[in-house]
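Visitor: Could you walk me through a structure and show me how to read its features?
Guide: Gladly; let us look at it together.

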Amino acid sequence: MSLDLDSVDRAIEEMLKAGRETVAVSLLHAYANPEHERDIREQFAKRAPHLLVSISSEVSPKFREYERTSTTVTNAYVKPIVDRYLRHLDEALAARGIRTKLFVMQSNGGLISPDLARDFPVRIIESGPAAGILMSAIVGKEEGRDQIITFDMGGTTAKLGAIDDGAPAIMPTFEVDLVRYKKGSGLPINVPAIEMIEIGAGGGSIARDNKGMIVVGPDSAGADPGPICYRLGGDAPTITDANVVLGYISPDWFNGGAMRLDKQAAERGIKRAIADPLGISTEQAAWGIHLVATSNMENALRIVSVERGRDPRHYTMVAFGGAGPLHAARMARSVGIPVVIVPYGAGVGSAMGLLQAEPRIDVTATRVLRLDAERSGREIGGVYRELEMQASQDARRMSPGREPQWSRYAQMRYAGQGFEIHVDLPAGPIDDDYGQRAIDAFKQAYLRRHKFLDLEGSVEAVDWTLVATIRSNGRAVALGGRRDAAEPRRGKRLAWFPEVGGYTETAIVDRAALADGNRIAGPAIIEDPDCTAVVLPGDVACMSGKGHIVIEINSEASP
Amino acid sequence: MKARSVDPITLTVIWNCLISIADELGVTLRHTAFSEGVREGDDFSTAIFDRNAVMIAQGNFSPGHLGSMPAVAKTVMQYFPADTLKPGDSVLVNDSFIGAGHFPDTYEIMPVFIEGRVIGFVACSAHQVDMGGAAPGSQKVHGVTEAFQEGLRILPVRFVREGKIDEDILRIVLGNVRMPDKVRGDLLAQHTANLTASVRLAKMFNAYGVDVVERAYEAILDRSEANMRAALAEVPAGTYSFEDHLDDYGPGTPPIKMAVDITFDGKGEVEFDFSRSSDTVPAALNSYINYTRAYAVFAIKAFCNALEPQTEGTMRPIKLKVREGCFFNPKFPAPSGGRPILQIRIFDTINGALAKALPHRAMGAFSHWSNPNIGGIDDRTGRPFVMYDVSLAGYGGRYGKDGLEGMTPVMNCSNIPIEVHETFNPVRIHHFGFIPDTGGAGRWRGGCGIRKDIELLNSTATLSHLGDRHVFQPYGIFGGKPGALAESVLNPQGNGERLHSKETRQIKRGDVISFRLSGAGGYGKPAERVSEAISRDVAEGYVTREAAQRDYGWSLLADK
């Protein structure tokens, strides 16, 4: 069948007339034969070279038109923004004389080069959370804990993820914009990503009175104009304003003292927007904001733990992001998580994760092969030679002069099934008996997963992937550490703990002043320039040998 | 802590763990299945039972199978009391009376053991692509007058013995079906899925102890029953009735009356009476009582208590009174292969009645759905093929929302991708899209019908059509207009012969069958529709300018 170029031209005409800047092309069966999609892209290059074109056979060369198209459309949707952003960033870094190579984190926890990210921005949608989860996995390892719930709360959103048996939970596909976190309610994206739940609750989330009830978020004042206490023009009370009023955040030492917060302005704002309409005191209103925000996040925490079969009593929470360690203890207490860890560098947790990640290229080809013990070795060898050419090119672009480490995996199934399982293929040369070794690897993986083998079934592989990882020599330092402070700050201030009657004289501890094994009983507030951890009455915080704060949660205390 | 109670966190974790096991059972089934209906269309269900075959949890899959589960498990236990079962055993059944009302739905039920004692059962059902009988897909309606013409009937048999598939039983099954590879693949997939779930269930029992889990089961059943009773008690007491008609049961046959009287007692119970409906029909369309019950339970759940996980407890306050010999309670061997198209219609009939009690939760009638099978011998391979399709059209208008298009209504199935159909069957799909102006006008418009044109690329094949709403339009409510009628057209580019919605006929290479599904009913008077919504419909192609003028008095000028 030949391509109807006239219809392509008409479509291009329409796009030009409508002033579009990006386009997604998805043709039936393009995963098997990409020629027509490539022809269409060429036609765009001729007729409308300024349009950014995403074609499904490159973005997501997989069977099933709806998921492939949805992934391609998403890629096209974010492409102009990512394209501009990364180009400017690259130029700006160069202009400042920074010559280190720039990498971009993907949703699966591996790094890619900026030009690949610009071509396939759909791969980096969950990059920030992926980095945070990597960091949490490392912290868990250092503390000898392998069942972890990650809780990251920043200025606009809170994100929860999980690490089971030491490995970050990664899904081969995911959905964006879920309704009530229900599978099938969002847009499917055919890209591997870490498992994560995101809700609109962050330091900048705005609180309001809604017919006598306090509602927090999901809209956010962000960093600009930001909370009222920033004095940058924000006039709607936020979670941060409430936390300042409650005494959790120090007005004088925010961001290590780089910024002074206006507590009185925050109080006036909360009084006006919440306390007066509801007929309660300003402190009660601030507490209400804090509590509503915490309970919104608790719901998400329940989904990621109990609803997905993870018993919170066997999990540790790693809390990070500027606001995470401030809300973590109360959330952990409410669902029964016994330990919260506030890692070193918690305020910039995702960034710490980024430093640990390695450049990684995954190249995949869809080639349906029914495996034969004798004959398949050569065919598989052919597929991987092509993939290696492609990946070496990308790898050279990313890290010139560095030899990547190679690994292979395939998506395989019994011939006749519609879904595949992930099978790690053996390393080493691909010789004549590689077909048999691939079949054996499939059977092992299938049996492990499904506890059943069909001895008569024939095995086929659909997608073949080659992974190039570039090991970072000596860059993988331990995360734990210590900030040296010549004169650690110590002191007391009033902070709100309803379980002990409201405002209570509370110990303020500079994290830098803590030595290994120091124990601090709550109520207490541990301050770092980039984040604040609240220790509740009844709980005890301890500085671990690795430099992380480990808070034991007293689950018998009132929530 | 009271001796018999379970602490709230343990209860929550166990309950959610059960649901997650039931869901994972389904995901495993989907991922290991061979037929398009199961692996793409999600035409299956899963459940977990206690040791007395009382249902504790279900996966979110096809309600027709789901609502039948409790009855199936209890019948299987009559054939195989727990002390006759051994670890690794599994029971297979597809009987239409015992099961979900037609032969293609096979159930596999597996006991789970801890220290040699049965602690519960895991089960799944799957719609097999073929079970033999008069036409490919085993869903032929017209000309089938008794169940024995519909293919292989399996009363409960021990299909797996101590971990080993009984090859003799398998050979009997595979010798009687058109697609032995797919049926074998799906039967093994059901077994694989049960195994996965049984391992997890045993692990959960070991983690918490049999005693704690069984106390949690009691709490789950009691709570879900209490919650359902509380929800039912909120519906104003009274009897609510509605009637609608199925077009017929084949060329040249009369309509079938579907009537329901629903009585809420105001104290937490509800009774369904379908007795005023037509008698059992001499064609494969009858709704066995398990199936009728399944959709009554589903409708009540959707209207009154949608988010509650379904257990046998939630089903206890829902009673059925159906005259034996009626269309909704036939006696074996009444034929029933084509009953899938009833699922929406049973719901629609109940919806029409409940609209009077709960107007803000009701909707205009769904479009119907089309479930044709095209089968024969593939010229390229010399092997049989059956293209089983699931065509899904529109939702009715709802209070506050227009009807959606292309979504599965009551049965949680998914669209089967074009790429899947074309790769595995000798067909090409030329057209797949909405049909403008077919959704019933209303304050909230009904969803549009869907058109799918399928060309046969094989020398010959048998088309066994399964549709409806070619005669009676999907109704609108509260002043909403009905959706447009469906049409099935053979060779629209040629003489465009109209096909009957339940006919079976031979087709040949190059024939194109154009399935044009009905539109769904509207909600509320068209005059109350806001003009921005009409303009958006016109701009996006759901409604043409002409129809907007005719149905809504809309004009471009008025909009400006």
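Guide: What follows is a short tour of the interface, helix packing, backbone geometry and salt bridges.

Visitor: What should I know before starting?
Guide: This is a predicted model, where local features need pLDDT of at least 70 and side-chain atom pairs count only at pLDDT 80 or more, while totals for chains, interfaces and linings use all residues. Residues are numbered from 1 along each chain as its sequence is written, chains are lettered from A and ligands numbered from 1 in the order in which they are written, and side-chain values use heavy atoms, with hydrogens and water left out.

Visitor: How do I read an interface, and what is the area buried between chain A and chain B?
Guide: The size of an interface is often given as the accessible area lost when the parts come together. Here about 2,800 Å² is buried between chain A and chain B, and carbon and sulfur atoms give 57% of that. Buried area is the accessible area (1.4 Å probe) that two parts lose on being put together, summed over both. Phe419(A), His450(A) and Phe452(A) supply 20% of the area that chain A buries against chain B, more than any other three residues. The contact (heavy atoms within 4.5 Å) takes 31 residues from chain A and 34 residues from chain B.

Visitor: How many salt bridges are there between chain A and chain B?
Guide: The count is three, where a salt bridge is a side-chain nitrogen of Lys or Arg within 4 Å of a carboxyl oxygen of Asp or Glu. Glu456(A) forms a salt bridge with Arg184(B), and their closest N and O atoms are 3.5 Å apart.

Visitor: How are packed helices described?
Guide: Two packed helices are described by the angle between their axes and the distance between the axes. Axes are lines fitted to C-alpha atoms, for helices over the stretch in contact, and angles run from 0 to 180 degrees between N-to-C directions. Helices (H or I, at least four residues) and strands (E, at least two) are DSSP runs, numbered from the N terminus. Helix H13 (residues 434–450) of chain A and helix H6 (residues 180–208) of chain B have axes that come within 9 Å and cross at roughly 60°. H13(A) and H6(B) are therefore oblique to each other; angles under 35 degrees count as roughly parallel, over 145 as roughly antiparallel, 65 to 115 as roughly perpendicular and the rest as oblique. Tyr446(A), Arg449(A) and His450(A) of H13(A) make the contact with Thr192(B), Leu195(B) and Thr196(B) of H6(B).

Visitor: At what angle do helix H7 and helix H8 of chain B pack?
Guide: Helix H7 (residues 210–233) and helix H8 (residues 289–304) of chain B pack at about 70°, with their axes 10 Å apart. That makes H7(B) roughly perpendicular to H8(B). Met228(B), Ala231(B) and Leu232(B) of H7(B) meet Ile300(B), Lys301(B) and Cys304(B) of H8(B) in this contact.

Visitor: What backbone geometry deserves a second look?
Guide: Most residues other than glycine have a negative phi, and most peptide bonds are trans. In this model a cis peptide bond joins Gly522(A) and Pro523(A), with omega about 5°. Pro523(A) lies in the loop between strand S23 (519–521) and strand S24 (524–527) of chain A. A cis peptide bond also joins Phe332(B) and Pro333(B), with omega about 5°.

Visitor: Is Glu115(B) buried or exposed?
Guide: Glu115(B) counts as exposed at 81% relative accessibility, and its phi is positive, about 50°, although it is not a glycine. Ser138(B) has a positive phi of about 60°, but Ser138(B) is buried, with a relative accessible area of 4%. Buried means under 20% relative accessible area, exposed over 50%, partly exposed in between (1.4 Å probe, protein chains only).

Visitor: Which salt bridges link parts of a chain?
Guide: Over all chains, the count comes to 62 salt bridges. Asp9(A) and Arg47(A) meet in one of them (2.9 Å, N to O). Asp9(A) lies in helix H1 (residues 5–18) and Arg47(A) in helix H2 (residues 35–47) of chain A, so the pair ties together parts that are 38 residues apart in sequence. In chain B, Lys502(B) and Asp468(B) meet at 2.7 Å, N to O. Lys502(B) is buried, at 0% relative accessible area, and Asp468(B) is buried at 1%. Salt bridges that share partners join Asp244(B), Asp248(B), Arg345(B), Asp348(B), Asp468(B), Arg469(B) and Lys502(B) into one network.
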